[in-house]
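Please open the structure in a viewer and keep the selection tool ready.

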Amino acid sequence: MIRMKRFQRFNLDSLLLPLLGVAVCLLLWQVLAGSNQRVTARDDFGDMVTVTKRVGLSKDLPSPGETWTASKNYVLQPWAKRGELDQGILAFTWLSLKLVAQGYAIALILGTPIGFCLGLSKAFAKTFDPIIQILRPVSPLAWLPLGMVLFLSVKIRVPGAAAPYTASELAAIFTVAICSMWPTVLNTAVGVRAIPQDYLNVAKVLKLSRTKTLFKVLVPATLPYMFTGFRLSLGIAWLVIVAAEMLTGRPGVGGFLWQQYNALSYAHIILCILTIGLVGYALDRLMSLIESRFKSA
Amino acid sequence: MALLSLENVHVGFGSGAKRHEVLRDIQLHLAEGEFVAIVGYSGAGKSTLLNLLAGLLQPDSGSILLRGKPAPGPGPDRGVVFQNYSLLPWLSVEENIALAVDQVFPEWKPSERAAHVRRYIEMVHLSPSALKRPGELSGGMRQRVALARALACEPAILLMDEPLGALDALTRATLQDEIVRIWLENRRTALLITNDVDEALLMADRIVPLSAGPGATLGPSVPVPLPRPRDRRSLHHHPEHKHARRTVLDYLLGPGGRPKLSVTRKLVLPDLVPEDLDGPRPALFAPPKRRATAKSETIEVH
């Protein structure tokens, strides 16, 4: 009986409280947003006219209802493609995710070995640590133009693909890769340095070769740290792609957001923000699932 | 000829004024087939001594000889059971041992190696837990795995660094008996490092006390001529046991073996400057002259 009660309460809490939070935010949004009011007034000529007036704390902010009405088309037909910058919201998300995946993959492929070198060799760490510390805080907005310059005349054609990579695409991938690399690099380095001396002693006593020590002892011992780095990197990669798309105007969630801002269609900005948030949350959950599997192992 | 010997070995850490000597003038000879126990205080340098024997640490001076020749670096010919088990937590019991066996006997067929691993798991009575990870095992079981891993390499000498230190008294007793049983089966040379005199008396042929640090050194070795198998209940009544126990304890608690207690106290001289009336007058806000400097002396307490 008691167990039953606790079970019910647990379920209720974990479902109702988040809903309550969402409701409070929607209410605040509604209060903040402006609304249209029809006012009947006598004009200068003495005639009765009905005028629609926008009133509210923030007159231009669309209310939740207006946001839904304006976004309905994009949400209910998520895969529609009406034009390059007029697609369903999932179609845009897919385009953004494709770029993120490529940049993120490069970040991991480069970042993990660099992290290992930093963790294993004091000399390597001393040589490159200052450069890493300087490059790490650089904003994606600063990297992107450099990427554009770098890839201006580079043509990369993947066999089977319809068109070669464009400069802006390559620049976006470059920016994602270089910005999201650092958490992987640093976490891997910390993980390698945190390997207990005991494990290394085991390797020494057994006379494991260098490659065997690396793959049988060092890599498994570092995996939990590496995955924490991978997770943080993915979060950054998703942040960066939005900025990169906004600057390059590529179709994607960020590109759509920027275009709709220029088109004064503010409801779609909110749609994009919510989409970016939800996708980011989903990616983080996914990574933490994988991470916890490796931590328990 | 001794299987493994240390000659005039000195080890210290740090350099210059900060250097402190951990082990000084260590002489140790292990004969083939002997079970030697080194008994000493915690922190005296027992683990340092074991690292030396295992080849994980090089002495500052003196030499380590394996069968009369300078010992090479660490290798599976000297099996080590570490104090904290040192099992790889992402591998199962079987995989932990197989990692060692695959490394030491690469020329064997895979089926032979697997059988070898199983035999040693059986020897430490862990067959039901062969597929478990170290995290799922108790401390005693983990230490059995570590023991099986060291033995499976068929080392010429088995080095054990306080292997039972982290276990409760009952598990400890069972494992003591088991280690002796396994040792009796093939009588490989074994070295046990412990801080428990009774454990050493129960298991070893010979006890070498290690004096307290800093600058610990080995005392005269004490033979334990007790018949095997030894029974822990009746052992105490044996006159040889009493004699050996007293000799070891006398050394460890005597002037040569026990920790040197020292007190460091500050000596503060009164901060008085004699006034010099003939000299130039000091400036009004000149910093006060300080002649007294804090000094300290260290006194050994007996």
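Select I207(B) and then V222(B): the latter, in strand 10 of chain B, is the bridge partner of I207(B). The model is predicted, so local features need pLDDT of at least 70 and side-chain atom pairs count only at pLDDT 80 or more, while totals for chains, interfaces and linings use all residues. Residues are numbered from 1 along each chain as its sequence is written, and chains are lettered from A and ligands numbered from 1 in the order in which they are written.

Strands (E, at least two residues) and helices (H or I, at least four) are DSSP runs, numbered from the N terminus. Two strands pair if DSSP finds at least two bridges between them.

Now display the whole open sheet, whose 6 strands have the order 6-7-8-3-9-10 in chain B, with mixed pairing. Strand 6 (78-81) and strand 10 (222-223) of chain B stand at its edges with a single partner strand each, so one side of each has no neighbour in the sheet. Helix 1 (residues 46-54) of chain B packs on this sheet, and its direction makes about 155° with that of strand 7 (157-161) of chain B. Such angles run from 0 to 180 degrees between N-to-C directions, the axes being lines fitted to C-alpha atoms, for helices over the stretch in contact. Contact requires C-beta atoms, placed from the backbone, within 7 Å.

Turn next to the open sheet of 4 strands in chain B, ordered 2-1-4-5 with antiparallel pairing. Here strand 1 (residues 4-13) and strand 4 (residues 61-66) of chain B are joined by 5 bridges. Select L6(B) to find its bridge partner in strand 4 of chain B, I64(B). Helix 1 of chain B packs on this sheet too, touching strand 1, strand 2 and strand 4 of chain B.

Which part of helix 2 of chain B is buried? Select residues 93-104 of chain B: 10 of the 12 residues are buried (20 or more other C-beta atoms within 10 Å of their own, with C-beta atoms placed from the backbone). Among them are I97(B), L99(B) and V101(B). The cover includes helix 8 of chain A, together with helix 3 (110-123) and helix 4 (139-152) of chain B.

Finally, show both chains: the contact takes 13 residues from chain A and 14 residues from chain B. On the side of chain A, helix 7 gives the largest share, 6 residues.

Note on methods: Contact = placed C-beta atoms within 7 Å. Expected span 1.5 Å × (residues − 1).
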